[in-house]
Amino acid sequence: MPTKMIDDSTNTTPLPLSKFRHLDHDGVNIGSNEFILVETVGRKRKVSVKEKVDSFYPWVERKFNRFCTVKTITRRLPFLNWMKSYSTEDAVGDLVAGVTVGLTVIPQSLAYANIAGLPAEYGLYGSFLGALMYIFLGSCKDVPMGPTAICSILTFQTLHGLGPEYGILLCFLSGVIQLLMGIVGLGIIIDFVSGPVSSGFTSAVAILIVSSQIKDLIGITAQGSTFVEIWTSIFKDISNIQLWDTIAGIICIVILIAMRHMAEFRIGEEGNETRSQKFINKAIWLIATSRNCILVIVSAVIGYYLYEHGETPVKLIGHIPPGLPSIQLPPFSVQHGNETIGFLEMCSELGSGIIVLPIIALLENIAVCKAFANGKATDATQELIAIGLCNIGNSFVQSFPGSGSLSRSAVNNSSGVRTPLGGLYTGVLVIIALLFFTPCFYFIPKTSLAAVIIAAVVFMVEVRVVKPIWRSKKSDLIPGIVTFIACLVLRLEIGILIGIGLNLVSILYHAARPKISMEIKTSRAGVDYLLLTPDRCLIFPSVDYVSGLVTKHSIKQGIPVVIDCSHIYGADFTAAKVVEVLTKDFSRRRQPLFFFNLKSSIVSIFEGVQPKDFVVYYNENDLDNLLLNYSSSKDNIKTISEQLVR
């Protein structure tokens with residue numbers, strides 16, 4: 001039977017919520033409970049301060065007991081899972097991958113420090129401790145923690161020449177924010193960055209990094225933090241271009257790109273190679289993968305030879321302090337002349353980068369995890385905790401912020417890494433380089449490091465995603481293109497915020513303008529009615545729009561109206577008030593309005609404002625009876641009117 005609820009003027013009270021309980025499906029509720037009423041609202045007893053204080057300790061105890069379970073501990077310390085079944089094959093795979101990544105990270109970290117606007121040694125300082133800590137905390141075997149192109153350019157834009165002390169403090173603050181976000185479960189924040197926005201941001205970063213390296217590639221001096229500023233500065237100093245730096249840089253880029261493609265070359269048919277063919281293929285792959293290290297070593301040898309003969313036609317890196325960095329607290333104040341700049345003032349000078357950089361670093365890290373997850377779920381919360389603690393640790397060894405690098409992750413994966421223990425060999429290799437090989441770094445030409453970065457990040461420009469986006473949904477190109485342009489013209493954090501803002505505007509627009517299908521149908525008893533079906537929840541941005549459409553078409557058709565609520569999973573007080581007005585208007589026109597399949601939790605919300613002639617039904621038989629009652633009452637009124645006229 002249908003359920004009819006009307007106001008007090010008819011001396012009938014609305015049915016209690018309990019009568020609707022059997023209509024809901026049993027199951028587990030997941031996701032947000034916003035706009036869903038789960039219990040009846042009534043007068044609540046005021047809780048005293050003493051009761052609140054007394055309840056705090058049991059709450060802490062429950063949280064502590066929940067954290068101390070084996071499941072939670074193994075989830076927050078992932079190495080406890082893979083360590084149980086660690087084998088000899090795993091050890092060999094991790095050793096090969098760790099050494100290969102180490103040969104990649106050393107030249108990259110030197111170059112990334114240059115992108116960040118810091119001395120070269122700070123890149124190496126951020127490449128060993130974080131990698132070692134990630135072994136115990138990381139949930140993805142392919143992630144090599146350390147400096148990245150995106151974090152480096154964001155560090156450069158945040159520091160704007162403030163100096164290494166600010167970079168170290170930024171590393172610490174980024175780690176603290178990431179750790180806090182992980183503890184309170186804010187990994188969900190990355191869900192607000194869509195694929196097109198992420199692609200636009202990444203592509204803009206790649207072009208910005210290439211632009212920042214042009215000055216070292218051609219041996220001039222240039223400054224600036226945005227695309228326009230950098231190229232304006234380059235053109236101002238273009239007359240001082242160094243011929244040998246330019247020639248050497250172009251040759252290095254050509255060699256690196258050729259060696260990159262050499263990795264795809266194979267001898268023999270895949271799967272049927274002879275032993276010698278397998279050996280040659282492995283050797284070719286290893287040479288191609290270690291191209292950065294090989295190029296830097298060869299260019300350093302050439303630089304040393306030229307230096308010894310009194311000729312330095314190209315600019316060299318120069319002196320790098322030997323040995324490991326001293327372990328100390330991050331600088332919470334700095335001394336500039338006779339003036340001491342305190343912690344709060346330092347944070348103020350760093351600006352919005354303190355917030356934006358940790359989020360972008362998380363986005364980069366999660367992108368790496370998803371790229372090599374092979375269908376497995378990615379634990380964003382654990383990754384936040386992991387990179388947060390790694391950045392905090394790195395700040396104690398004088399590093400700038402880092403994250404998981406996509407390029408090194410690809411090397412790690414293709415090298416056959418089995419577990420995060422591969423980071424051990426990468427970290428050890430960097431430590432060895434700091435202890436014994438820093439004097440050799442003096443002779444590395446700056447143009448070769450610029451070539452390493454350009455050859456790596458130029459492939460980050462995601463041109464290939466444009467065609468699939470155009471085919472699937474053309475409007476998604478708008479936030480992607482706007483993000484791309486904004487990140488080039490403005491600062492990166494402003495550009496990504498503009499992209500996210502466009503995403504949110506799009507979401508809000510679709511929430512405020514739900515699609516409503518309209519159809520005139522005939523019941524089994526032969527009564528015509530207008531069926532309206534909204535495709536989403538009724539909340540305050542959309543209710544006036546829906547109400548206007550319902551009123552417009554109901555007046556135009558002049559027949560009973562049925563609103564199919566099968567897709568309405570949530571509502572709020574504003575929606576309830578609009579429904580109240582809507583039912584009154586229909587009642588005044590003596591035009592029936594019925595709600596089909598309205599969830600009991602939403603009935604309770606609407607019930608709170610006691611709408612007039614609020615009728616809910618749940619099957620076609622009920623609708624037939626309602627329409628028959630309406631038809632018969634209409635016929636009776638017509639008969640009485642005709643008799644009065646006579």
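**Close-up views of a predicted model**

**View 1. Ile-444 and its neighbours in the core.** Setting aside residues within four places in sequence, Ile-444 is in contact (heavy atoms within 4.5 Å) with Leu-110, Val-296, Ala-300, Lys-315, Leu-316, Ile-317 and Leu-449. Ile-444 also belongs to the largest nonpolar core, which has 96 residues, and is one of those that touch the most other members, along with Leu-110, Phe-201, Ile-209, Leu-350, Phe-441 and Leu-492. Buried means under 20% relative accessible area, exposed means over 50%, and partly exposed is in between (1.4 Å probe, protein chains only).

A quick note on reading these views: this is a predicted model, where local features need pLDDT of at least 70 and side-chain atom pairs count only at pLDDT 80 or more, while totals for chains, interfaces and linings use all residues. Residues are numbered from 1 along each chain as its sequence is written, and side-chain values use heavy atoms, with hydrogens and water left out.

View 2. Val-228, Ile-478, Ile-481, Val-482, Ile-485, Val-489, Leu-490, Ile-494, Ile-498 and Leu-502 make a patch of about 750 Å². Patch residues have over 30% relative accessible area and no salt bridge, and nonpolar side chains (Val, Leu, Ile, Met, Phe, Trp, Tyr) are joined within 5 Å. A salt bridge would be a side-chain nitrogen of Lys or Arg within 4 Å of a carboxyl oxygen of Asp or Glu. Helices H21 (477–489) and H22 (492–512) each give at least two residues, and H21 brings the largest share, 5 residues. Val-482 is in H21, and is partly exposed at 31% relative accessible area. Helices (H or I, at least four residues) and strands (E, at least two) are DSSP runs, numbered from the N terminus.

**View 3. Two loop residues with positive phi.** Gln-398 isn't a glycine, yet has a positive phi of about 65°. Gln-398 sits in the loop between helix H16 (380–395) and strand E5 (403–404), and is buried at 14% relative accessible area. Asn-597 has a positive phi near 60°, in the loop between strand E9 (593–596) and helix H25 (600–607). Asn-597 is partly exposed, at 31%.

**View 4. Cys-151 without a disulfide.** The structure holds 0 disulfides (pairs of cysteine sulfur atoms within 2.5 Å). For Cys-151, the nearest cysteine sulfur is that of Cys-171, 9.3 Å away. Cys-151 is buried, at 1% relative accessibility.

Notes. Patches are made of residues with over 30% relative accessible area and no salt bridge: like charges are joined within 9 Å, nonpolar side chains (Val, Leu, Ile, Met, Phe, Trp, Tyr) within 5 Å. Accessible areas come from the Shrake-Rupley method with a 1.4 Å probe; for residues, only the protein chains shown count as cover. A nonpolar core is a set of buried Ala, Val, Leu, Ile, Met, Phe, Trp, Tyr and Cys residues joined through side-chain atoms within 4.5 Å.
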